[in-house]
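Please find below my notes on the model. They are set out as numbered points, to be read beside the coordinates.

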Amino acid sequence: MNTIKQDLTEFVQNTPIRPGTCMNFQHFVLANATAHVRHHDPQRFFNRHGTIGQCFKNAFLLVSEFRNELLYAEGYAYRNGSQMLIVHAWAVTREGEAVDPTWPDGIDYFGVPLDFEYVKNIAFRAKPFTGVIDNY
């Protein structure tokens, strides 16, 4: 089983950036992301998972509540039993552990922690909020 970074590297190698174009989501994540392991006790931060399909909102709300302890992150994640690259958002502890308020079965995370004030600015302007990195 490959890591997300290995699968993303293979994908990016097969989709190069043309001269004169901007970096796409995949290239940005590969160039700037770090791997995050699942937090050993995510229930410390919440008692039930948020709505599936609302990962950006769920992560934003969780980080809003625990701003001194968590960072907002976007990138790719794998769910248990699947090795399909899925764009996802989650929270990250200062130690680099993923706290996923959406998936109870997330197993692997590769993403970019983002400045929360910047995220908040975009979230309040974008209705509905669908993330930062891929928000044109």
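The points below cover strand pairing, aromatic pairs, nonpolar cores and salt bridges.

1. Basis. This is a predicted model, in which local features need pLDDT of at least 70 and side-chain atom pairs count only at pLDDT 80 or more, while totals for chains, interfaces and linings use all residues. Residues are numbered from 1 along each chain as its sequence is written, and side-chain values use heavy atoms, with hydrogens and water left out.

2. Strand pairing. Helices (H or I, at least four residues) and strands (E, at least two) are DSSP runs, numbered from the N terminus; two strands pair if DSSP finds at least two bridges between them. Strand β1 (residues 34-38) runs antiparallel to β5 (residues 106-114), with three bridges between them. H36 has Y109 as its bridge partner in β5. β1 also runs parallel to β4 (residues 97-99), joined by two bridges, and here R38 is partnered with A98.

3. Aromatic pairs. Rings of Phe, Tyr and Trp (its six-membered ring) pair if their centres lie within 6.5 Å; planes under 30 degrees apart count as stacked, over 60 as edge-to-face and the rest as tilted. The count by this rule is eight aromatic pairs. F56 and F129 make an edge-to-face pair, at 6.4 Å centre to centre and 75° between the planes. This pair links distant parts of the chain, 73 residues apart: F56 is in helix α3 (residues 55-65) and F129 in the segment after α4 (116-125). Both F56 and F129 are buried (under 20% relative accessible area; exposed is over 50%, partly exposed in between; 1.4 Å probe, protein chains only).

4. A stacked pair. F60 and F116 are stacked, with 5.2 Å centre to centre and 25° between the planes. F60 is in α3 and F116 in α4, 56 residues apart. F60 counts as buried because its relative accessibility is 10%, and F116 is buried with a relative accessible area of 10%. Ring pairs link F56, F60, Y72, F116, F124 and F129 into a cluster.

5. Nonpolar cores. A nonpolar core is a set of buried Ala, Val, Leu, Ile, Met, Phe, Trp, Tyr and Cys residues joined through side-chain atoms within 4.5 Å. The largest has 32 residues, of which V29, L62, L70, Y72, V119 and F129 touch the most other members. Helix α3 gives the largest share, six residues. Leaving aside residues up to four places away in sequence, V119 is in contact (heavy atoms within 4.5 Å) with F60, Y72, L114, F129 and V132. A second, separate core has seven residues, including W90, A98, W103 and Y109.

6. Salt bridges. What joins R44 to E69? Their side chains meet in a salt bridge (side-chain nitrogen of Lys or Arg within 4 Å of a carboxyl oxygen of Asp or Glu), here 2.6 Å from N to O. R44 lies in the loop between β1 and α3 and E69 in the loop between α3 and β2, so the pair ties together parts 25 residues apart in sequence. R44 is partly exposed at 46% relative accessible area, and E69 is partly exposed at 30%. The whole structure has four salt bridges.

7. A salt-bridge network. R67 and E117 form a salt bridge of 2.6 Å, N to O. R67 is in the loop between α3 and β2 and E117 in helix α4, 50 residues apart. R67, E117 and K120 are linked in a network of salt bridges.
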